[in-house]
Amino acid sequence: WGLAVNPTKEEFCTVGDDSLLRVWNVFSHESVSTVALEMPARCCAYSPDGRRLAIGFGCPRKLSNRQFDGKWIVLDTTDFQVAHEARDSTKWITDMKYSPNGELLAIGCYDNKIYIYGVNAGYALNAVVGQHQSFITALDFSEDSLWMRSNCGGFELFYFEADTGLYIPAAARLRDTVWATHTCSMTWQTQGVWPPQKDGTDVTACDSNLFRGDDGPVVATGDNYGRVRLFRYPSTSSFCCSKLFWASSSPITRLKFACGDSTLLTLSGPDKCIFQWSHVRDREEGVAFDCMDRRGKLEEDDDDVVGLFGLQDLALADGKGALGDLGLGHLVSSRPWMAAIVAPSTLPPDVEDGTAAKKPVPCELAMSHVMGIQSQRTRSSVRYTNVGDIVLPASKYACVFNKKSNTQRFYEGHKNEMSCVSVSRDGVLVASAERTERPQIHIWDAGTCGLVKLLPCLHRRGVISIQFSSDRTKIASVGADQDHSIAVWLSPSGEWTADCQLLASAKGDVNPVLFCSFYEPPGGGNSSPESFLLGSGGRFHLKFWRLQGRCLNSYYPEYDRSFKLSTLLCGCAVGSKFASGSVSGHLFIWNGRKLDRAIRAHELGVTCLWSSAVGALSCSKDGVIKQWTLDFDHVRSFTVAEADVPPVLNRILSLDGRLSPAGDFINCALVCSSSGEVYEVSAKTGSMTLVHEGHYSGQLWGLCVHPSDPDLFATTGDDRTIRIWSVSARRLLRKAVIDCSARTVNWSPDGRQLIVGLGGSPDGKKQRKDGAFLMLDAASMKPLFEGRDSRHWLTDVKFSPDGKCFSLASMDHKIYIYDRETFRLKGTCDRHNSHVRGFDYSQDSVYIQSDSGDYEHLYYEAEDGEYFSSGSQLKDIKWADWTCIFGWPVQGAWPFVNDVDKGLAFEPTAVHRSPGQDLLAVGDSGGAVKLMNYPALFKEAPCNKITGHVKEVAQVRFTCDGSHVVSLGKMDRSIILWRVNARK
């Protein structure tokens with residue numbers, strides 16, 4: 001139990017329940033002297049000059065009749081003769097220390113008291129401190145020997161005058177005091193050594209090399225699980241980084257630095273072991289050790305770090321952004337539209353006889369294709385497989401895209417938005433993770449899209465990066481949690497079936513970690529002094545990691561102190577070196593952990609790196625791709641701005657390469673821009689082929705189908721683009737970039753024009769063109785007219801069936817009716833008390849029905865917007881289309897109110913009637929797309945339901961021939977194309 005380090009020699013002593021004093025040599029690891037004591041002892045302390053050794057007797061168990069708990073003696077260290085002995089307590093002694101000036105000896109006992117003795121007065125008792133309510137665990141003196149602090153078993157921290165023992169209640173008086181030792185584990189400077197939650201950990205021992213001053217002191221702790229940890233001093237946060245070492249299966253009883261701080265000594269009580277650790281300081285000339293020391297110029301954009309973690313729009317990620325007021329379910333306890341609906345005069349036969357409640361849906365939905373990609377919230381997640389297919393994240397799906405057949409296969413094991421995708425070096429296995437509170441890494445086969453293994457939960461909030469090792473036996477992952485944790489997973493066989501396990505994990509850094517790559521120099525194994533397993537980096541830091549047993553230990557890079565390391569966005573091993581890309585456009589080449597050289601590779605920040613056995617690729621924020629040799633000689637450059645279809649934004653966020661069949665040169669590169677375009681670039685010719693694209697920022701709202709061509713549909717959203725897609729070709733045909741976000745679009749009845757409603761933003765901020773509308777030529781996408789009467793963004797736009805007028809629904813509670821030829825405002829519908837969600841025209845273009853955010857369903861005359869108060873008179877009106885979520889024929893799409901309140905069901909957010917008027921497509925706030933019989937009158941009627949999106953479905957539409965359904969995910973920005981198949 002007892003451990004003390006001689007301040008003048010390379011020796012330390014131990015005492016224990018065996019009634020022996022042993023003196024050990026630090027360097028020879030041998031016992032120098034052994035002295036028999038009269039009874040068990042559990043603490044000892046050297047005087048500052050090393051000439052006296054105080055030993056405190058006693059233990060919890062009575063081992064002999066001559067055991068006098070509370071007795072203590074002072075020995076001469078030259079001949080170990082007793083110089084003084086005394087006993088003032090009847091309980092065993094737990095801790096003892098000499099003051100730095102050698103004039104006082106403080107002894108803490110199990111009777112909750114501290115006894116203070118005057119050394120110069122022949123060890124006379126000066127004072128007894130009785131402030132504690134539990135046994136004393138540790139005590140320290142200040143550097144000037146004027147003050148004393150102590151901890152007890154009741155988790156208390158008290159301060160006293162050293163010579164009188166007078167209690168000092170105002171601890172703030174001593175906040176700037178310099179302490180000679182730091183063995184108290186419960187202080188302001190060591191509050192971070194305790195875990196953030198109650199996991200059973202008890203810090204049983206603590207020490208610090210305070211003599212270092214500001215030159216990188218550390219805190220070493222031992223706990224009841226036999227673990228030793230190293231922290232920076234002071235450690236003020238429970239989430240701070242530390243290094244973990246397993247010492248014993250028994251609790252650590254004492255812990256001391258020796259020989260300055262080159263050695264750390266730990267005692268394990270029950271197994272009676274002494275552990276001697278070499279403390280190697282990662283702090284040579286030119287090595288950055290402090291966060292401020294590592295901080296460079298803040299050059300990165302918010303999207304580099306904040307956007308990746310999604311910190312700037314957490315409310316939006318929960319669907320509570322600009323349109324948090326669209327959903328009033330938590331405020332409205334009733335549904336007013338239910339009381340206003342009236343059944344038509346003539347009911348369908350199956351409704352009259354009651355068979356409609358059990359009538360099965362004659363068709364079912366089958367997912368055909370997913371348009372869109374998670375480009376802005378993922379990095380390096382577009383990859384090649386072994387057969388040249390492309391793996392990319394879209395919504396909650398990992399899509400495997402075949403370029404030749406233009407088809408997709410899907411891995412459907414995730415339930416939330418994808419956060420990261422990685423493919424093994426041989427292209428056989430894929431690892432993916434989702435953005436959720438407790439994500440799991442899914443390992444699946446790239447060919448069959450079948451699950452191979454589901455790794456246990458470790459990270460929180462998502463996984464930022466996943467990397468396979470070159471031999472596929474290890475996986476490194478980085479979490480989006482507060483610790484930015486790094487984990488290494490192992491499968492010795494490389495098959496990732498039954499033999500996979502967590503090899504080690506550690507806290508990444510206090511700053512966000514953006515990448516983690518394997519760094520295994522050829523022929524260097526992990527035991528080589530200058531070989532590391534991993535390299536990781538991010539905001540203001542770079543670390544190299546070495547695996548030692550089951551511990552993952554980090555080492556900072558070595559570089560000139562005058563050089564400031566800024567944010568690093570990417571990194572990978574290139575040959576025997578490690579390359580990292582900076583926001584300044586530099587490539588930093590590291591040999592081991594020493595900076596070899598810096599190359600100004602790009603004008604703007606280097607966002608991605610990829611390497612192979614024959615060369616490397618890099619890309620940047622300005623869309624430039626560069627090819628390098630293994631010695632970092634530039635070979636050639638490409639830029640995505642020169643593609644036949646250039647991207648909206650040039651920044652590249654994902655990069656992958658593919659070698660020739662013989663593996664002797666780089667054949668092509670695969671890049672993904674931040675605006676969602678995926679290009680395949682030929683390394684020989686520089687030709688660029690656009691293989692995939694989609695909406696890329698904000699939310700996706702607007703959808704319409706062509707009135708006569710079943711192959712066309714159009715979308716628009718917060719990314720300020722209007723896109724026309726082909727159903728049969730499953731690709732984008734044309735797009736227009738406008739100067740404002742748009743959230744609604746509609747085709748004219750003749751298919752010649754598109755009208756777009758402008759405005760809206762995810763954060764609710766006003767846009768310059770909120771409430772404006774734009775008329776486009778559908779063939780050329782050129783603007784024909786732009787007008788504005790509302791000052792709030794538009795939620796819905798529609799042409800009348802006869803094509804003579806069009807109407808706009810706005811967030812200002814109104815519907816604006818215009819003449820199509822003259823664009824003159826004919827009238828407004830202004831009886832709603834909340835924003836208008838959507839509206840429909842009657843077949844004869846005479847009436848309008850509309851929904852509002854307060855669950856009202858009203859009727860107007862389409863000519864001038866006059867309110868039609870008697871809705872029952874319109875019960876037999878035929879409507880040209882049905883997209884209103886309130887009304888008699890869609891009441892069965894609404895679940896029971898109690899089920900919604902309990903989270904068992906979700907309210908519908910979008911509906912659409914099929915052209916044959918026999919089916920109803922429904923999208924709800926939980927991401928599900930349903931196919932129901934029309935009219936849908938019964939809540940428990942059969943339906944075909946598939947959860948296709950993450951969170952809310954913005955719109956659903958049948959194509960004009962009813963063969964397909966198109967659905968939009970508002971938050972995941974995905975467009976899913978569903979086939980409507982006859983049920984077998």
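Q: Thanks! Which residues touch the most other members in the largest nonpolar core?
A: This is a predicted model. In the largest nonpolar core, which has 32 residues, Val370, Val382, Ile390, Leu931 and Val980 touch the most other members.

Q: Which elements give two or more residues to this core?
A: They are strands β23 (363–371), β25 (390–394), β26 (397–402), β49 (666–673), β68 (919–924), β69 (928–933), β71 (953–958) and β73 (975–982). The strand that gives the most is β23, with four residues.

Q: Let's stay with Val370. What is it in contact with, leaving aside neighbours within four places in sequence?
A: Val370 is in contact with Ala394, Tyr397, Cys399, Gln408, Phe410, His692, Ser974, Ile975 and Ile976.

Q: And which residues does the second core include?
A: That separate core has 25 residues, among them Val351, Tyr855, Tyr859 and Ala936.

Q: Okay, zooming out. How many helices and strands are there?
A: The protein has six helices and 73 strands. Its C-alpha trace spans about 115 × 65 × 50 Å along the principal axes.

Q: What share of the residues is buried?
A: Buried residues account for 60% of the 984 in the protein. As for the accessible surface, the total is about 38,800 Å², and 49% of that belongs to carbon and sulfur atoms.

Q: What about contacts between residues at least 6 apart in sequence: what share joins residues at least 24 apart?
A: That share is 50%.

Q: New topic: Lys970. Where is it, and is it buried or exposed?
A: Lys970 sits in the loop between β72 (964–969) and β73. Lys970 counts as buried because its relative accessible area is 5%, and the cut-off for buried is under 20%.

Q: Which residues does Lys970 touch, not counting those up to four places away?
A: Lys970 touches Gly698, Gln699, Leu700, Trp701, Glu952 and Ala954.

Q: And how are Lys970 and Thr204 placed?
A: Along the chain they are 766 residues apart, and their C-alpha atoms are separated by 52 Å.

Q: Now charges. How many positive and negative ones are there?
A: There are 105 positive and 114 negative charges, and the mean positions of the two sets are 2 Å apart.

Q: How many salt bridges does that come with?
A: The count is 32 salt bridges. In general, side chains of opposite charge can pair when their charged atoms come close.

Q: What does Asp17 pair with?
A: Asp17 forms a salt bridge with Arg42, with the closest N and O atoms 2.8 Å apart. Asp17 is in the loop between β2 (11–15) and β3 (20–25), while Arg42 is in strand β5 (residues 41–46), 25 residues apart. Asp17 is partly exposed at 28% relative accessible area, whereas Arg42 is buried at 8%.

Q: And Arg52?
A: Arg52 forms a salt bridge with Asp76, with the closest N and O atoms 3.1 Å apart. Arg52 is in strand β6 (residues 52–57) and Asp76 in strand β7 (residues 71–76), so the pair ties together parts 24 residues apart in sequence.

Q: Which residue meets Asp750 in a salt bridge?
A: Arg820 does, at 3.3 Å from N to O. Asp750 is partly exposed, with a relative accessible area of 37%, and Arg820 is buried at 13% relative accessibility.

Q: Last one: which residues are linked in a network of salt bridges?
A: Glu677, Glu693, Asp719, Arg723 and Lys735 are linked that way.

Conventions:
Residues are numbered from 1 along each chain as its sequence is written. This is a predicted model: local features need pLDDT of at least 70, side-chain atom pairs count only at pLDDT 80 or more; totals for chains, interfaces and linings use all residues. Side-chain values use heavy atoms; hydrogens and water are left out. Buried means under 20% relative accessible area, exposed over 50%, partly exposed in between (1.4 Å probe, protein chains only). Contact means heavy atoms within 4.5 Å. Accessible areas come from the Shrake-Rupley method with a 1.4 Å probe; for residues, only the protein chains shown count as cover. Lys and Arg count as positive and Asp and Glu as negative; His and the chain ends are not counted. The place of a charge is taken as NZ of Lys, CZ of Arg, CG of Asp or CD of Glu. A nonpolar core is a set of buried Ala, Val, Leu, Ile, Met, Phe, Trp, Tyr and Cys residues joined through side-chain atoms within 4.5 Å. A salt bridge is a side-chain nitrogen of Lys or Arg within 4 Å of a carboxyl oxygen of Asp or Glu.
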